[in-house]
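Colleague: I'm new to reading protein models. Could we go through this one together, step by step?

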Amino acid sequence: VTFLILASWVKWPGAIDLALVPSKVEDGYLWQLVTYIITGNPLDPGSFLFDLLALFFFGPEMERTFGPRRFLGFYGLVAVLTAVLVVATGLVSTAVARFPYFGFAAPTVGLIVAFGVHYPTRQVLLVLWPVKAWTLVLITLGIIMLFGLSRGPETVLLPLYGAFIAWLITTGYWNPRRAWTRFRAWRLKRELHVVRGRDDQYWN
C-alpha cells in the first residue's frame, strides 16, 4: 500500500489506472471502485496526512465499537458505495466523469461521522479546544465544503458522499421501514408535551 501511494505521488504511469476515474469505470475499469483507496493524490499530500491522523484517532475506537469484522465491513462498504455514487454522478457531470479520485478520505470521514453518531456528546480535543463529537462532525463537513467552494465541487465528492453513506449505515436510515419508524417517533415526541398541574400530569 505504501509503495502504491508513493508511486502515485511520483506519477508512476500505472497509478492512474488504480485511481477512481468515473469515465474509465464506465469503460470497464471496475477494479477502480476498490483500488482508489490505496492511491495518493500527488497534488494534495496534506489530505493524505489528515486521513491518516483521523484514522489513527477514530479507527481504534470504532473498531472496539463495531468489532474487528464489522469495522472492516463498514470501512470497505463505505469506500465502495461512495465510489458507486461518484461514478453515478459522473453520468450527469463531465467534470466528475474526467476527474481522478485518490485516497481513503471517504471511509475515514465516514469513521468521524460514525463516531459522532455513536458518541455525540463525547468531548474531543480539537487542537487546543474541547468540542463535542457531533460538533466536530459539523466542523469537518464545513471545512470540506469550503474546500469545495475554492477548488470545485467535484474535488470533495469522496468525503461528502462517504459521510452521507456512513450516516445512513450507522443510523439505520438505509432501511426505509426503520427510517419511517424513527421519523414517526421523532414527530410524536415533538407533538407530545407534559402539562404539569398542581396534582396531576396530563399528556396532550
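**A first look at the chain**

Modeller: Happy to! The chain holds 10 helices and 4 strands, and please keep in mind that this is a predicted model.

Colleague: What share of the 204 residues is buried?

Modeller: A residue is called buried when its relative accessible area is under 20%. Across the 204 residues of the chain, the buried share is 38%.

Colleague: Is E61 buried or exposed?

Modeller: First find E61 in helix α4, which covers residues 45-66. Its relative accessible area is 16%. The cut-off for buried is under 20%, so E61 is buried.

Colleague: Which residues does E61 contact, leaving aside neighbours within four places in sequence?

Modeller: Good follow-up! With those neighbours set aside, the contacts of E61 are F115, Y119 and R122.

Colleague: Which elements give two or more residues to the nonpolar patch?

Modeller: The patch is formed on the surface by L85, W134, L138, F164 and W167, with about 450 Å² of accessible area together. The elements giving two or more of its residues are α8 (133-151) and α9 (157-171).

Note on methods: Residues are numbered from 1 along each chain as its sequence is written. This is a predicted model: local features need pLDDT of at least 70, side-chain atom pairs count only at pLDDT 80 or more; totals for chains, interfaces and linings use all residues. Side-chain values use heavy atoms; hydrogens and water are left out. Patches are made of residues with over 30% relative accessible area and no salt bridge: like charges are joined within 9 Å, nonpolar side chains (Val, Leu, Ile, Met, Phe, Trp, Tyr) within 5 Å. Accessible areas come from the Shrake-Rupley method with a 1.4 Å probe; for residues, only the protein chains shown count as cover. A salt bridge is a side-chain nitrogen of Lys or Arg within 4 Å of a carboxyl oxygen of Asp or Glu. Buried means under 20% relative accessible area, exposed over 50%, partly exposed in between (1.4 Å probe, protein chains only). Contact means heavy atoms within 4.5 Å.
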